[in-house]
Amino acid sequence: MTATGARWRNWGRTEAVTPVRVERPASAEAVQRAVTSAAASGLRIKPVGAGHSFTGIAVAPGVQLDLGDVSGVIAADPATGRVTLGAGTRLYDLPRLLAPYGLALQNMGDIDRQSIAGATSTGTHGTGLRFGGLATQIVAAKLVTGTGDLVEISETSRPELLPAVRVGLGALGVLVELTLQLVPAFVLQAEERIEPLDEVLGQWTERVAGADHFEFYWFPHTDTAQTKTNTRLPIDAPRKPLGRLSRWVDDELLANGLYRGICALGRVAPSTTPFFARQVDRFSGDRDFTDLSPKVFTTNRTVRFREMEYAIPLEAVPEALGEVRSLIERNGWRVSFPIEVRAAASDENWLSTAYGRDTGYIAVHRYFREDPTEYFTAVEAVMHAHGGRPHWGKMHTQTDASLREKYPRFDDFVAVRDEFDPEGVFRNAYLDRVLGVRASVDAA
């Protein structure tokens, strides 16, 4: 199906484009035809997932590929835990799709709106020092290259390229299938606490090492952290889920409804922000509950924001966050959104933010109607000084020159890009900035 004239915007309202046309293929063969047709017309082509990236990684001025119909379970083997999914499958559909097989993702982030291809291609991750990002679960992939060929990368077919394809940025081709190594479905016991920030920072390495999953939020203008510690339990463990009313009050009425009003007020009256930040801590309180893993990992978020996240060496987190805290105080900024701090295990994927090192993540946010430039620029400088790598789907100003220094396999990835997309069919402005342009390809 083809459509024209539709204005596309991402969720964070940082990017917008009107493609020449939109294609909605329902099969790998249809994706091949779309890529071949775009190339023959001199148009670039880009797949788009849920639009949850804050960067222009999925912006498609030429042909936009909506892969929503390339979704669902294609094959499943409960004995091995391996499941093949259409690339457009949304994360929020996975609990329903995987339930018949008794399987689950081994880890998730706190948002499940993304497509599986979009989440893995941008290096999306959860938290837990024993677990890598979502892309580490990929054991095979099928993608359509810039020449229209359907290529399989797996443990038996060009396995040396799996570390490139897992976090491919959409630069290597259009993913149509992903095979994941899943785990038996499990339950999570969640403990949410309000704790002194300085104590949490002082115990950072011990807390992340001692828990299955540990993260915390810090609201600027307060001295406390909202910690969340999740413990993995077998699927038959007793469950004590949040009550429907309790979940609605905490996660919808307060975290979305009331908080939206606080952010809007903070935009027109910044002096009110510190007061309301302290009230958020007061109303949040402690919670304990136990439920199926997706219901604990993820949270419904409807207040729009803009985000920048950097990956730094795990041990650098306390110092780096302390420097950000000083920046906010010194400049008198009024920041209504919390800073999120997580961790992930080292992995081998060439453009993974956790490549070769156990990693801490610091994510800063601003309400989407506020200008984040001054705040994000200053925080980015702090992260850069600590060897930071930016999340590919979140705002940053890095270029191929600076990123080459951060990724030992950067040039190897670019070489695969040039092999799979020799004419630059999948290029856009963002990929040109972060990967550079092949000398033989017209940079116009």
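This is a predicted model: local features need pLDDT of at least 70, side-chain atom pairs count only at pLDDT 80 or more; totals for chains, interfaces and linings use all residues.

User: What makes β7 and β8 a pair of strands?

Analyst: Pairing requires at least two bridges found by DSSP. Between β7 and β8 there are four bridges, in the antiparallel sense, so the two strands count as paired. They also form a hairpin, with four residues between them. In that turn, G81 has a positive phi of about 80°.

User: How do you know that β8 pairs with β12?

Analyst: The same test applies: at least two bridges are needed. Strand β8 (residues 82-86) and strand β12 (residues 174-181) share five bridges and run antiparallel. R82 has Q181 as its bridge partner in β12.

User: Which strands make up the sheet that holds β7 and β8, and in what order?

Analyst: The order is β7-β8-β12-β10-β11, an open sheet of five strands with antiparallel pairing. The twist from one strand to the next averages 10°.

User: Why are β7 and β11 called edge strands?

Analyst: β7 (73-77) and β11 each have a single partner strand, so one side of each is left without a neighbour in the sheet.

User: What joins β10 to its neighbours?

Analyst: β10 and β12 are antiparallel and joined by six bridges. Strand β10 (residues 138-144) also pairs with strand β11 (residues 150-154), antiparallel, over five bridges. L143 shows both sides of this arrangement: V151 is its bridge partner in β11, and L175 stands opposite it in β12. β10 and β11 form a hairpin with five residues between them. G148, in the turn, has a positive phi of about 85°.

User: What makes β12 a mostly covered strand?

Analyst: A residue is buried when its relative accessible area is under 20%. Seven of the eight residues in β12 are buried, and β12 is therefore described as mostly covered. For the protein chain, 58% of the 444 residues count as buried.

User: Which strands form the eight-strand sheet, and why do β17 and β21 count as its edges?

Analyst: This open sheet has the order β17-β14-β16-β15-β19-β20-β18-β21, with antiparallel pairing. β17 (287-292) and β21 (389-390) each have a single partner strand, so one side of each lacks a neighbour in the sheet.

User: Why are α10 and α11 called roughly antiparallel?

Analyst: Angles over 145 degrees count as roughly antiparallel. The axes of helix α10 (residues 317-331) and helix α11 (residues 373-385) cross at roughly 150°, and the two helices are therefore roughly antiparallel to each other. The axes come within 10 Å, and the crossing of α10 past α11 is right-handed.

User: Which residues meet where α10 and α11 pack?

Analyst: A320, E323, V324, L327 and I328 in α10 meet Y375, A378, V379, V382 and M383 in α11.

User: Which residues have the most contacts inside the largest nonpolar core?

Analyst: They are L351, W392 and L435, in a core of 62 residues. Helix α13 (residues 410-420) supplies the largest share of this core, five residues. Not counting residues up to four places away in sequence, L351 touches V167, L169, W392, Y407, F410, F413 and L435. Apart from this core lies another, of 35 residues, among them A225, I328, W333 and V335.

User: How many helices and strands does the protein chain have, and what share of its contacts join residues 24 or more positions apart?

Analyst: The protein chain has 14 helices and 21 strands. Of the contacts with a separation of 6 or more, 73% are between residues 24 or more positions apart.

How values were computed:
Residues are numbered from 1 along each chain as its sequence is written. Side-chain values use heavy atoms; hydrogens and water are left out. A nonpolar core is a set of buried Ala, Val, Leu, Ile, Met, Phe, Trp, Tyr and Cys residues joined through side-chain atoms within 4.5 Å. Buried means under 20% relative accessible area, exposed over 50%, partly exposed in between (1.4 Å probe, protein chains only). Contact means heavy atoms within 4.5 Å. Axes are lines fitted to C-alpha atoms, for helices over the stretch in contact, and angles run from 0 to 180 degrees between N-to-C directions. Angles under 35 degrees count as roughly parallel, over 145 as roughly antiparallel, 65 to 115 as roughly perpendicular and the rest as oblique. A crossing is left-handed if the near helix is turned anticlockwise from the far one by less than a right angle, and right-handed if clockwise.
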